[in-house]
Amino acid sequence: MYLSLARKYRPRTFAEVAVQTHVSNTLRGAIARGRVAHGYLLCGPRGVGKTTLARVLAMALNCERRGADGEPCGTCASCTRIWAGSASLDVIEIDAASNRGVDDARDLRERAMYAPSGEERYKVYIVDEAHMLTREAWNALLKILEEPPPRVVFVFATTEPQKIQQMAAPVLSRLQRFDFKRIGAADVRARLSTVLAAEGIAAEPDALMLLARAADGSMRDALSLTDQALSLGDGTLTAQRVRDALGLVPEDEVLAVLALVAEHRAADVFPTIARLADAGADLGLFLGAVAEALRSTLELVLGGSGAGELSDASRAALVDCASRFVPGDLVRMLTAISELEPRFRRSGQQQILLETLLVRFALLDRTVSIEAMLREMGPGGEEGGSGADRSAPPAPPRPAPSREARSAGGGGAGRASHDRPVAPRTPTPTEPPFDLRPAAAPLADAPPRAATAARAPQPRVTLDGLVGQWTEIVSRLRTDGRMALAAALEHVQPIAVSASGEITFELEPTGEIYQQPIAASAADVLSAVGTMFTGASRLVVRVGERPAGDEPAARRFTEESVRVERLAMLRKRDPTLDAAVETLDLELLD
Ligand SMILES: [Zn+2]
């Protein structure tokens, strides 16, 4: 007869009880010093060793060859009987889930009155699922515990101590309580490794890692899942066999999806997810695995070890991934997943939801460009940028207060937030996690590229003139290698030019992050304008108001926003593609 691993490797001594040393050491010490209590309450999640430890306690109390340290021998007749859970006169196991009436409680009480079977022995009642006992049963137990018969010990095990607290607080106060820890994946893995070695079964490290992760803190589950995987075949226990037994999505698929996101291959999302769905994969589990991988990547990016429970192969892949993501993107992706998850589980449209999410991830590259831009522009001086601008016009005077500036003015009544460019910040969780709005004014609005006589006497700057040449000006900045500044300027429209030559730029409502970098490079912008016009003296950058009642558009994920984002992305990657993009634009529109 096949003995399950959980049963075969059930600990026989306190020392063998994994993880819960804070409990086992205390109990062993109490036995060694002869200071055993009449009642114990063992609390903790399922599968962490509560009943096991109760049995070891019973064995230790009744062992014929107990060590001076309080350990049971584990092999004498008494130990063997108790360990196996077979009939023992002195150790009575009660499952409260099935014996919870008052009659059983009376029965218990009467039986407790009988002395243990031998002079040196203890009677031990192990009550499992103790929170299922009725109030009457607790009342009967309270009477016993108020005047406990000698050499009788009650051990209550429960996953829900708060229920006992509500129903039988007076009993609780008479029990010594121990809280068991959830068993970490590393401990589960170590234990599985020992058990399989004892069985003479080789196992791939990744197989153990998968089992430990699936066991989710329960040693009992870990061992029975291992049984399940072993029953599928012979020889080395492979990760693949574990996946087959547990219905797990291969890690490779998760890593492939991350790579796809990192490389912005949005179009590849669809065949990838379709293939998974066709293969009958549980998309919910898959989403969870993607989140897990992103979390590990984030940990790596932030300098951590990348979580303990990664296979070597995936760790290597994630290290590679980590070099391609910035923390801001990872946090946003994780936030988006956690927001989606509750809805995802109930949805009948899991495939579409998952595809949409991953396409959003794949198109998410703005953070990278902003961070690159900020690097390029430096920390952004207070007054017009760098010292090289001494002869340049003064810094932008008082940009119109942005939403950001207003919200930053907590204590300063707004004054400080005007003259000083507000430092860009990373989006807070209250903002839409993704900004998929059109990146710039639509190309259709741009005037025809004018290669007009730049050598002719320069006209004085006017709004019409500036608007007419705006694309060209930005394009020249880009050609001069000011890529980041040019990218930022794609988010503004010139909206006013005063008689004194003060130019006002309006940023798109969501473009406030560009305000400070542009303002800091005001001198460069003015000199670019100066290649075509005279008289430009100052620059004001303000953020456009969001139309009232306008839902943040990023919440709505439309084909339109994907399209525009994709165009912006392509343009950013290769400015020389502008013409081609315009064509593509038309094709997509029509
Ligand atoms: Zn023994």
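Reader: Leaving aside its neighbours within four places in sequence, what is leucine 5 in contact with?
Author: Leucine 5 is in contact with Val195, Leu223, Thr226 and Asp227. Two residues are in contact if their C-beta atoms, placed from the backbone, lie within 7 Å.

Reader: How should I read the numbers, and what kind of model is this?
Author: Residues are numbered from 1 along each chain as its sequence is written. The model is predicted: local features need pLDDT of at least 70, side-chain atom pairs count only at pLDDT 80 or more, and totals for chains, interfaces and linings use all residues.

Reader: OK, back to leucine 5. Is it buried or exposed?
Author: Leucine 5 counts as buried because it has 21 C-beta neighbours inside 10 Å. The cut-offs are these: buried if 20 or more other C-beta atoms lie within 10 Å of a residue's own, exposed if 12 or fewer, and partly exposed in between, with C-beta atoms placed from the backbone.

Reader: And where does leucine 5 have its place?
Author: In helix α1, residues 5-8. Helices (H or I, at least four residues) and strands (E, at least two) are DSSP runs, numbered from the N terminus. The C-alpha atom of leucine 5 is separated by 9.7 Å from that of leucine 225, and the two are 220 residues apart along the chain.

Reader: Let's switch to the strands. In what order do they sit in the open sheet?
Author: The order is β2-β3-β4-β1-β5, 5 strands with parallel pairing. Two strands pair if DSSP finds at least two bridges between them.

Reader: Which strands stand at the edges?
Author: β2 (91-95) and β5 do, each with a single partner strand, so one side of each is left without a neighbour in the sheet. From one strand to the next, the twist averages 15°. For that angle, axes are lines fitted to C-alpha atoms (for helices, over the stretch in contact), and angles run from 0 to 180 degrees between N-to-C directions.

Reader: What does β1 pair with, and over how many bridges?
Author: β1 pairs in the parallel sense with β4 (residues 152-158) over 5 bridges. It also pairs with β5 (residues 176-179), again in the parallel sense, over 4 bridges.

Reader: How many residues of β1 are buried?
Author: In β1 (residues 39-43), 5 of its 5 residues are buried. Gly39, Leu41 and Cys43 point one way, and Tyr40 and Leu42 point the other way.

Reader: What joins β3 to β4?
Author: β3 (residues 123-128) runs parallel to β4, joined by 5 bridges. One of the residues to look at is tyrosine 125, whose bridge partner in β4 is phenylalanine 154.

Reader: New topic, helices. Which residues of α11 are buried?
Author: In α11 (residues 239-246) they are Ala239, Arg241, Val242 and Ala245. Seen down the axis, they fall within an arc of 160°, so they line one face of the helix. The arc is that of the directions from the helix axis to the C-beta atoms. Their cover includes α9 (205-215) and α10 (219-230).

Reader: Where is the kink in α16?
Author: At leucine 340, with a bend of about 40°, shortly before proline 342. The bend at a residue is the angle between axes fitted to the seven residues ending there and the seven starting there.

Reader: Last one: what do β6 and β7 form?
Author: A hairpin with 4 residues between them, and glycine 501 in the turn has a positive phi of about 90°. β6 (residues 492-497) and β7 (residues 502-507) pair in the antiparallel sense over 5 bridges. Valine 492 has leucine 507 as its bridge partner in β7.
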